[in-house]
Amino acid sequence: MRRGNYNTIQSRLFLLFFVSMTAILLIVSGLFYNRSMNEFHDKITDLSKKNSSQTVALFDLMLKGYDSLSKSISNNIDVVRLLSQKNVSPAVEFINERSITNLIGAIYYSREDLMGVHVISSKGKVISYGDYRNVIDPEYGESDWYKRLKRSQGRMVWLGVFPQSIIDTSQNLPVFAFGRIIYDLNQYQPIGYVLFEAKPQLILSSMDNLKLGPNSQVNIVSANGDILAHSGEANLPADIDLREPMQQDSGLYKVKNEWIVTSSIPSAGWTIVSRTPQSDLNGELESMQRYLIVVLIALVCLSAAIAVWGSRTISSPIKRIVREMKQVETGNFNRVLTVKSYYEIGQLADSFNKMVARISELIEQIKISSVSEKNAELQALQSQVNPHFLYNTLDMIYWLLDEKGNDNLAEVVLALSQMFRYSSHWEEEVTLGAELEQIRHYLTIIELRLHGRLTVEINVDERWRGVRVPKMTLQPIIENAVKHGLEPQGRDGKLSVYAAREGDSLTIIVADNGVGMSGEELERLRQSLGESDLAITQSGSRSRGQEEAAQDTGGIGISNLHRRLKLMFGESYGLSVDSAPGQGTSVRIRLWLPERSERVEHTDRR
């Protein structure tokens, strides 16, 4: 390719091949990448759902066990009896404490995960049993966890995971704390509290089950939004709303550059929230992206090489044909071209040889044809008839008849002249007033032909006469009313034309009291109108039987008018027909009413 010359067939073919193959590669690569992303997301979603269901089941089992453990003390008859005793001697009080210690000690040794059990009386006395010698915090009454126990009203209070004991200052290992109020069921008043401190390893390992990557952070959030336990930093994004996830079993969604997995534990009112950075999950995708980019670049280079070879292979024989054509341009018609290439190019060379062989003969034929065409144009011009000659002739006949006193025939000739003048000057649109004037001329001829058996009533308000309508809107309808409705009945008939506004449209009604139509005829006419609707939106033609059925009821002109109205105003406009045998026929013409006509109407009312 010559530099800068992009208008050659070789350049165009190269661009076509290169752009086409590159576009296909990009589309296939995009589809493959999108499919991989979807599969990756589905895999992550499936993994998170499985982990969530396992974690929820594990937590639910564990919390139910802890709840039963707490009830074994809060509902213990001996514990309730010993704590409810008042005004006892120090010796009895010591014995009671030893009894409670023995009871909670038995419960302590029944579970390996317990680190301490503490019974707090309503007087503030703390009875503990644990791994270490207990040193009770004297300020525990002012702590938040103790206030939460007092407000719990007997329900289990899950206090959360703490870095050390919340009541025993000598214990520095992490604990999972929970407790509840001990009630005197006889008087139904709190007589103390039981506080459990368990090893948090089971909870933390269960939380690790929801991690999707090495940098994932997992938080257990209470129904009040308090963080009960966490792995990593105990914080949440400010734009995460946990109220909706708390009402669901589990969920996976993306916020900014993080994947959020939420698991709901209804038995405790907890929500476990796992946050995983997008970068933790993109390692596999990034490797695939790099591989895809390298392969794509290699394929694009291969596409360019194939495009160069293909464009040169096709364009070389065409260039030979172009060189031979330039020889013909100089007047040398003795050129014979031989090309061995693709079948189509060989056919092009053969056609070129035939063209060159006959070109002289064709030139002579063109000269002869040109002379014949000019002669035909002259004859056509001489045979044209000036329409004004016909207008003037009809007007002259009218004046001759008027001078002789033949008024009826004169009116017919004048009406015919006006009708011919109106129809020969074709326009797409006219005013409703012009249409009504044309109809008066037409009815003048019809009334004379029916010898006074036709009564015509036209009642259209002046404010509607400026509405634009397709030309020849009323004549085919009135002609059908006279021909098919009034003439066959053999008696006096009445034809009414009036207009009424209906919402944002103007409806013109043409009604007669003729013979009407049977149900089958009316159905055929309505079907022809329906077919004209269909013709607006799709190609095709009606069968001969459909045309004859429409012609029997005068439907061809009406269906054409119906189609013109829809093309001009829209699908909601057009014709509708109602008729019954012996009761006449009524045709409704629905027209678009412009805003200008509405303003005129309001002005007239004022």
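**Exercise 1.** Find where Lys-64 and Asp-60 lie, and work out how their side chains meet.

*Solution.* Start with the location: in this predicted model, helix H1 (residues 9-74) holds both Lys-64 and Asp-60. Next, look at the spacing, which is 4 residues, or about one turn of the helix. Now turn to the side chains: Lys-64 and Asp-60 form a salt bridge, at 3.2 Å from N to O.

**Exercise 2.** Which strands hold Arg-468 and Glu-429, and what joins their side chains?

*Solution.* Begin with the contact: a salt bridge joins the side chains of Arg-468 and Glu-429, with 3.7 Å from N to O. Arg-468 belongs to strand E13 (residues 468-470) and Glu-429 to strand E11 (residues 429-431), so this pair ties together parts 39 residues apart in sequence. Then classify each partner. Arg-468 has a relative accessible area of 38%, which makes it partly exposed. Glu-429, at 33% relative accessibility, is partly exposed.

**Exercise 3.** Is Glu-462 buried or exposed, and which residue does its side chain meet in a salt bridge?

*Solution.* First, take the relative accessible area of Glu-462, which is 60%. Exposed means over 50%, so Glu-462 is exposed. Second, find the partner: the side chain of Glu-462 meets that of Arg-465 in a salt bridge of 3.2 Å, N to O.

**Exercise 4.** How many salt bridges does a search of the whole structure find, and which residues are linked with Asp-67 in a network?

*Solution.* The search finds 14 salt bridges. For the network, Asp-67 is linked with Lys-71 and Arg-180 through salt bridges.

Key
Residues numbered from 1 in each chain as written. Predicted model: local features only at pLDDT ≥ 70, side-chain atom pairs only at ≥ 80, totals over all residues. Heavy atoms only, no water. Salt bridge = Lys/Arg side-chain N within 4 Å of Asp/Glu carboxyl O. Helix = DSSP H or I, 4+ residues; strand = E, 2+ residues; numbered from the N terminus. Buried < 20%, exposed > 50% of the residue type's maximum accessible area, 1.4 Å probe, protein only.
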